[in-house]
Amino acid sequence: MNELFDEVRAALYAAWSRKWLALGVAWGVCLAGWLFVASIPNTYESRAKIFVQLDDVLSKQIGIAGSDMTDIARVRQRLSSASTLGQVIESTKLGENINSPRAMEGAITSLAENVKVRSEEDNLFEITAQMGRSDYTDAENAKLAQDVVLKLLEIFRQANVEGTRGEVSDAVALLDQQLDLRAKDLEAAEARRTAFEAEHPELIGGSAAISSKLQQARTEMRGVEADIAGAQSALAAINGQLAGTPQTLSGGAGGGSALEQAEAQVAQLRARGLKNNHPDMQVALRQLQLLRQSGGGGSAGGMPNPAYSSLVSIRAERQANVQALLARKAALQADISMMIADQASEPGLAAEAQRIGRDYEVLKNKYDELLQDREEMELRSQVESERSSFRFDIIDAPGVSSRPAAPNRPLLLLAVAVLGAGAGLGSAIALTMLRSTFSTSAGLAKAIGLPVIGTISRSVPPIRKAAEDRQLRLFYAGTGALGGLLVILLGLEFVQVGQVMA
């Protein structure tokens, strides 16, 4: 610790011994640095906060609202796009003396670096513009920053209010073109399917449809076979009941045979005006036919048995049901055989039928999707026409700043002063080290590696003392002048701030 203290003391003594050199270097560095700081143009900033809402409650209710993240990215991209910045340049002082595409590209690049768009919340944006051109005055830079922000807001409002509707209209027109093309393709596919089905009706739907029909026919065949078994069982049961039931009842007082009574019943029904298609007439005619087939229906001394006649009618119905089920079974067997033959003999046609049907379904589904999209776009276009979903509110309007945003001259002036003092002190110490002089006996002993017996004190005559005192006062005056100049520069900087619009 003592060695470090000795080193510091030696360095300070060396610097003090060459204090004029240190003061001169400090003055040179400070003057050069302060002139450079003074040459830096002031940069003025103007900012605005806006609230942007691109979808209203109605748009979200009918399901045509966009994605919030997509809308935010679109807002930021539109505000910082090259086309928007180009319009800003053309409508402000930035467009002066720009007469070539290369110059416009350079101006756009420079403006893009000075314009910042930041999203603070979901729909809240802050637009900041900084202007610090050396060929403009402070007042012109401050006003230009405000003009840039105002023009950005104007272009953005106009582009969203008019551009959103234009985008929807263009989308509807594009969907109409796609629908026309899809409609032509769908008509051609439908014509191919109709022609193929007319030529091969048994292959409608392709192999998958044939397999489905075959499966349905087999399922129906199993049901018909079960119905035939049930109908045959019911017919056997009624035959058994009919065999044990007499045709006539003995001991009756009726006149005539059963055949005569059946004929009398038919005549009675005809007298009532009933036609042959009437259920009662059909039963009576069926009973009369059965009695005629059985030989007259008994002796003249008996009367017909109503139960027998009813059982005969039921048997006839069940026989007809069995015949119908057998005919249905035969038809199903023929259909199944035909479908198996078609499936086995025409695999190429079946595959073609399936391909035609699949192509038609794909085109139809795509057409239906485009039609639904077109209806949604049409609805959105109507909503945009009657009430715009775009909401644009300026929370903080851009203003003309009276204080420069950059550079921070007071801080730069102080930094230059510190740099000048350090450069002066460092130069004095460096010169002392180059000349290999020693400020203390300990430093000398350490350098040569030998003990130092003693040192001679410095003796200054009165005349030399008076001269050194005058030089010391001049040094203090020079140092104070440097500090005073720094104070004056800081004071001028603080006084000038706020006088931009004067």
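Select Y136, K93 and R133. In this predicted model, K93 lies over the face of the Y136 ring, at 4.5 Å from the ring centre. R133 also lies over the face of Y136, at 4.8 Å from the ring centre.

**Aromatic pairs**

Go next to W20, F475 and Y476. Ring pairs link W20, F475 and Y476 into a cluster. How many aromatic pairs does the structure hold? The count is two. Start with W20 and F475. Their ring centres are 5.8 Å apart and their planes stand at 80 degrees, so this pair is edge-to-face. Colour by element to see what the pair links: W20 belongs to helix α2 (residues 19-39) and F475 to helix α15 (residues 462-496). These are distant parts of the chain, 455 residues apart.

The rings of F475 and Y476 have centres 6.1 Å apart and planes at 55 degrees, so the pair is tilted. An angle over 60 would have made a pair edge-to-face.

Is F475 buried or exposed? F475 is buried, because its relative accessible area is 12%, under the 20% limit. W20 is partly exposed, with 38%. Y476 counts as partly exposed too, at 48% relative accessibility.

**The nonpolar cores**

Hide the surface. Select I89, L94, L111, M131, V148 and L152. These residues have the most contacts inside the largest nonpolar core, which has 26 residues. Which elements each supply at least two residues of this core? Show β1 (44-53), α5 (82-90), α6 (101-114), β2 (115-119), β3 (124-131) and α7 (138-199). The largest share, eight residues, comes from α7.

Centre on V148. Leave aside its neighbours within four places in sequence, and V148 is in contact with V88, L94, L111, V115, A129 and M131.

**Helix α10**

Select residues 279-293, which form helix α10. The helix has 15 residues and reaches 21 Å from its first C-alpha to its last, close to the 21 Å expected at 1.5 Å a residue. Show side chains for M281, A284, Q287, L288 and L291, the buried residues of α10. Turn the view to look down the axis. The buried residues of α10 fall within an arc of 130 degrees, so they line one face of the helix. Now pick P279 and Q293. Both are exposed, on the face of α10 turned away from its buried side.

**A link across the sequence**

Select E376, in helix α12 (residues 347-386). E376 counts as partly exposed, at 37% relative accessibility.

**Zoom out**

Show the whole chain as a cartoon. What is there to count? The chain has 15 helices and six strands. Of its 502 residues, 29% are buried. Take the contacts in the chain with a separation of 6 or more: residues 24 or more positions apart account for 83% of these.

Definitions and conventions
Residues are numbered from 1 along each chain as its sequence is written. This is a predicted model: local features need pLDDT of at least 70, side-chain atom pairs count only at pLDDT 80 or more; totals for chains, interfaces and linings use all residues. Side-chain values use heavy atoms; hydrogens and water are left out. Helices (H or I, at least four residues) and strands (E, at least two) are DSSP runs, numbered from the N terminus. The expected span of a helix is 1.5 Å times one less than its number of residues. Buried means under 20% relative accessible area, exposed over 50%, partly exposed in between (1.4 Å probe, protein chains only). The arc is that of the directions from the helix axis to the C-beta atoms. A nonpolar core is a set of buried Ala, Val, Leu, Ile, Met, Phe, Trp, Tyr and Cys residues joined through side-chain atoms within 4.5 Å. Contact means heavy atoms within 4.5 Å. Rings of Phe, Tyr and Trp (its six-membered ring) pair if their centres lie within 6.5 Å; planes under 30 degrees apart count as stacked, over 60 as edge-to-face and the rest as tilted. A charge sits over a ring if NZ of Lys or CZ of Arg is within 6 Å of the ring centre and within 35 degrees of the ring normal.
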